[in-house]
Structure formats: structure tokens, C-alpha cells
Amino acid sequence: MVIITHQREKCIGCNYCVELAFQRWRMSKKDGKCTLIDGVEKKGFYTVRVQDDELEENQKAANACPVKIIRIKQI
Amino acid sequence: MAPAGSWEALQAALDNGADSIYFGVDQLNMRARATMNFTLEDLPEIASRCKRKGVKTYLTLNTIVYDHDLSIIKTVINKVKESQISAIIASDQAVISYANTIGVEVHISTQLNITNIETVKFYAHFSNVMVLSRELSLGQIKRICSEVEKEKIKGSSGDLVKIEVFGHGALCMAVSGKCYLSLHTQNASANRGACMQNCRRKYKVIDMEDGHELALDNEYIMSPKDLCTIDFLDELIETGISVLKIEGRGRAPEYVATVTRCYREAIDAYYEGNYTEKKINEWMNALDKIYNRGFWGGYYLGQELGEWTDTSGSKATQKKVYLGKGIHYFPKAKVGHFKIESQALTVGDKVLITGPTTGVIETEIASLQVDGQFVKSAGKEDECTFTLDQTIRKADKLYKLVAT
């Protein structure tokens with residue numbers, strides 16, 4: 001399993017994560033920030049557990065994020 | 001025009017004589033990384049606070065824009081119209097075009113790098129105020145301003161186009177901020193407001209063939225000193241510009257207070273006919289105390305190349321040390337009540353008080369009381385009171401100003 005965490009408030013809407021892992025990320029039309037699909041919010045951090053097959057593309061997204069607000073943890 | 005990166009800085013700009021302020025919301029402005037951006041919900045409050053003082057409000061919306069940004073751009077511009085913010089500062093044609101369609105005034109950002117009169121004519125179809133490129137000389141600015149008058153170049157509102165230039169603050173090694181460094185090394189695009197300021201670091205040059213490292217005379221080869229025009233402001237005003245912009249949405253409120261006050265006084269002094277050397281020295285002295293990388297006159301005076309700073313970070317001659325928080329203000333007695341949380345406050349100290357409603361207050365401690373007794377000094381955990389002419393609020397921050 002992989003845990004993806006997103007500190008959404010600090011997103012600057014660059015769209016990198018959508019381009020690298022489009023199944024997990026979507027740009028919000030409402031506020032121009034990215035949304036972690038199926039993410040559950042707790043104190044500003046959105047978290048989701050996904051299967052290992054999503055690890056690679058989301059790791060790429062985390063590395064590309066210019067404001068470093070995506071965390072990937074393998075468990 | 002003063003920068004407002006926070007409520008504190010906004011209030012400081014209003015209190016120190018700005019005619020207009022500019023600010024950003026969330027992403028899509030050149031300081032997207034700054035944590036102090038406002039949100040869309042703040043727009044009505046910003047507009048009404050400034051309108052009460054007759055100050056105009058400008059929202060920066062000047063990053064590069066991609067397709068996925070178009071819907072949020074429209075949301076922001078609609079909200080600008082609804083909240084009666086005076087105008088937006090834009091560089092992308094999508095932003096300029098949409099604002100024009102719904103009747104929101106547009107200022108052309110320095111990001112568009114306007115360097116000649118024909119470009120001014122072009123953008124006059126969409127705008128009334130244009131910020132020129134930072135890399136022009138006084139002579140070039142003067143020619144543009146006089147051509148605007150001679151050719152009667154009118155903006156979209158029907159009035160003559162107004163020319164705006166940068167007067168004070170940080171400069172960038174890239175022409176009009178179009179820099180690739182931060183994106184190249186850290187994937188953080190300066191043109192999306194995420195600049196990592198790589199240029200402010202030390203670099204060395206290595207010969208890849210034999211591995212020799214070349215020592216450079218100036219190690220901060222890419223980090224320009226800060227722009228300061230207060231010592232030739234008369235010449236800058238005489239070029240015919242209408243707006244003088246102060247850089248610094250990432251700066252502290254006391255920085256905004258000091259720079260705005262100095263330039264307000266200098267502009268007024270010029271029009272009253274007493275812009276003197278003595279005053280210039282006083283202003284320079286005040287500006288030296290706050291954050292700066294050393295000063296130069298930018299490209300206005302036509303130096304051959306940039307002047308580079310020789311230190312990392314600030315050359316400010318004064319810094320602030322956190323002391324504690326405000327508790328209460330007694331308006332009749334004109335006394336402020338504070339709790340000291342670190343360091344100590346002593347009679348004779350220069351202090352700085354900042355708050356979202358208070359703005360910035362600078363004063364000197366003449367006398368100090370703890371538990372109703374006059375004391376020389378108040379330490380950690382003490383609650384103290386001292387005389388203050390202006391109102392402070394609960395949780396306002398109290399700092400001591402010390403020499404660096």
C-alpha cells in the first residue's frame with residue numbers, strides 16, 4: 001500500500017501532478033488548486049491509501065511538485 | 001504605489017501615505033510562494049478599508065497562464081469586479097482580454113517588458129496604466145512619456161496613458177523577471193510566482209576539461225543590489241511618469257511603512273520645492289536600517305552593467321527582536337499593556353508594534369511599569385505597560401529594534 005498526502009492550501013496550481021499521475025490528481029475549476037482524488041481532509045492535509053501500482057507515477061508527481069507539498073509513503 | 005503582502009503591510013501602506021496599494025490572492029501572482037497572500041474572500045474588506053482612505057487597490061494577476069488556469073482566472077476577475085477593486089495588474093493576453101470584456105480596468109505589468117512607444121500604443125487599446133521595463137534609462141523613459149503627450153496616446157478609458165515605473169526594492173538579474181534559473185534547478189517556475197531565488201547564492205565556475213575552479217571577483221555574480229531612486233527622485237519625476245511603484249510584497253510591514261513614508265515625503269518635498277540634500281541623507285539613513293542588499297540606481301542612470309551585491313541576505317543596519325504580545329489598550333490614559341514572552345524590555349529601547357488592524361507603530365520607551373510600579377526593565381513572563389499615542393490590539397506583536 002501507498003499513502004499519498006497533499007497539503008492543498010499551499011498548491012500553486014502548476015498542473016505537474018495532473019500531467020504525471022492524471023488518475024489521482026485533478027485541477028479544481030473552483031479555486032485553481034489541485035485536488036487529490038478520493039483524498040480525505042484532516043487539518044488541511046488530504047490523504048489517500050492506494051495500491052502499489054500507483055507508486056511510480058505519484059512519486060514522479062511528488063518529485064516534480066515545485067512547492068513540495070506531496071508526500072508519498074510506502075507501507 | 002505600495003506593496004501589501006499582509007493586513008499589517010496593507011495598514012502600514014495606508015498609514016504612511018500610499019496613494020494606491022497592490023496585492024495578490026493565492027496562486028497566479030508573482031509571489032505565489034509567499035505565505036502572506038490574501039484570499040478571494042478578503043477582497044471586499046481590502047476594497048472598503050482602502051476606499052475609506054481614498055486609496056486605490058490593484059490585484060496582481062501577472063503570471064504565465066495555462067489552459068488549466070482559465071477558469072480560476074475568470075473567477076478572480078469576476079470577484080474583482082464585484083468587490084470594486086480598482087484594477088488588475090496583468091501580463092497574459094487571456095487575462096487582459098477577459099478583464100476588458102467584463103469592464104475591469106487593466107494595468108500592464110512589467111512582465112510584458114514595455115520598452116518603446118509603439119508597444120505603449122498597442123496596449124493602449126486595452127489599458128490606461130502601463131509599467132515600463134525595469135531596464136530602461138531615464139532618457140528612454142522621458143522619451144516615452146513625452147511621446148504619449150505629443151501623440152495624445154489615449155488608453156481604453158479615453159484619458160492619456162499613464163506611465164508607471166519601479167522606484168524602490170529588489171531587482172532581478174533576468175530581464176523583466178523572465179528567468180529560467182529556478183525552474184531549471186528546482187522545477188519551481190519564477191514565472192508562476194514560485195521563484196527559489198537561486199540568483200542570490202554564491203557560485204563558482206568550473207572548467208569541465210581540466211577541472212579547474214575559477215575564482216570570481218564577486219561571488220554573488222547574479223545577485224543585483226536593490227533599486228533605490230530616492231537620491232535622484234527629482235530626475236525620475238521629471239521624466240513625466242505618473243506612478244512610482246515600490247517592490248516588496250514579500251517584505252515585513254515595517255519595511256513597507258518606512259519605504260512608503262520616505263518616498264511619500266520625498267515626492268511631497270519635490271513638489272513643495274524643498275527636496276534637499278539634507279533630507280535625502282535622512283531618508284537614505286532610514287532606508288539603510290531596513291532589509292536591503294545594498295543600493296544602486298538600477299538601470300535608470302545608464303550604468304554599463306548591474307552592480308552585484310557582496311553579501312548574502314540583508315545589509316540592514318537594524319533588526320527586530322521579538323519580545324511579546326499586546327493584551328489591552330487604555331485609550332483614556334493612552335497606555336498599552338503587553339506581555340513579555342522572550343528577552344527583556346528596557347527604558348530607552350526603540351520598539352516596533354505590528355498587527356493586522358494596527359499596521360506598524362514605532363516608538364521609544366520613555367517609562368515602563370510592571371504591576372503598577374515604575375521599573376527600568378521588564379523580563380520574560382512580565383506584564384508591562386507603557387505610554388502609547390496609538391491604539392494597539394490584543395495579540396499585536398511587540399519587537400525591540402536593535403543595531404546589527
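Biologist: Which residues in α1(B) meet which residues in α9(B)?

Modeller: B:Glu8, B:Ala9, B:Ala12 and B:Ala13 in α1(B) meet B:Pro253, B:Val256, B:Ala257 and B:Thr260 in α9(B); contact here asks for C-beta atoms, placed from the backbone, within 7 Å. By class, this contact has six nonpolar, one polar and one charged residues. Nonpolar covers Ala, Val, Leu, Ile, Met, Phe, Trp, Tyr, Cys and Pro, charged covers Asp, Glu, Lys and Arg, and the others, Gly among them, are polar. Please keep in mind that this is a predicted model, where local features need pLDDT of at least 70, side-chain atom pairs count only at pLDDT 80 or more, and totals for chains, interfaces and linings use all residues. Residues are numbered from 1 along each chain as its sequence is written, and chains are lettered from A and ligands numbered from 1 in the order in which they are written.

Biologist: What handedness does the crossing of α1(B) and α9(B) have?

Modeller: The crossing of α1(B) and α9(B) is right-handed: the near helix is turned clockwise from the far one by less than a right angle.

Biologist: How do you know that β16 and β17 of chain B pair?

Modeller: Pairing requires at least two DSSP bridges. Strand β16 (residues 350–355) of chain B has six bridges to strand β17 (residues 359–364) of chain B, and the strands run antiparallel. B:Ile353 stands opposite B:Ile361 in β17(B). The two strands, β16(B) and β17(B), form a hairpin with three residues between them.

Biologist: What makes β4 and β6 of chain A edge strands?

Modeller: Each of them, β4 (40–42) and β6 (70–74) of chain A, pairs on one side only. They belong to an open, antiparallel sheet of four strands in the order β4-β5-β1-β6 (chain A). Five bridges join strand β1 (residues 2–7) of chain A to β6(A), where A:Val2 stands opposite A:Gln74.

Conventions. Two residues are in contact if their C-beta atoms, placed from the backbone, lie within 7 Å.
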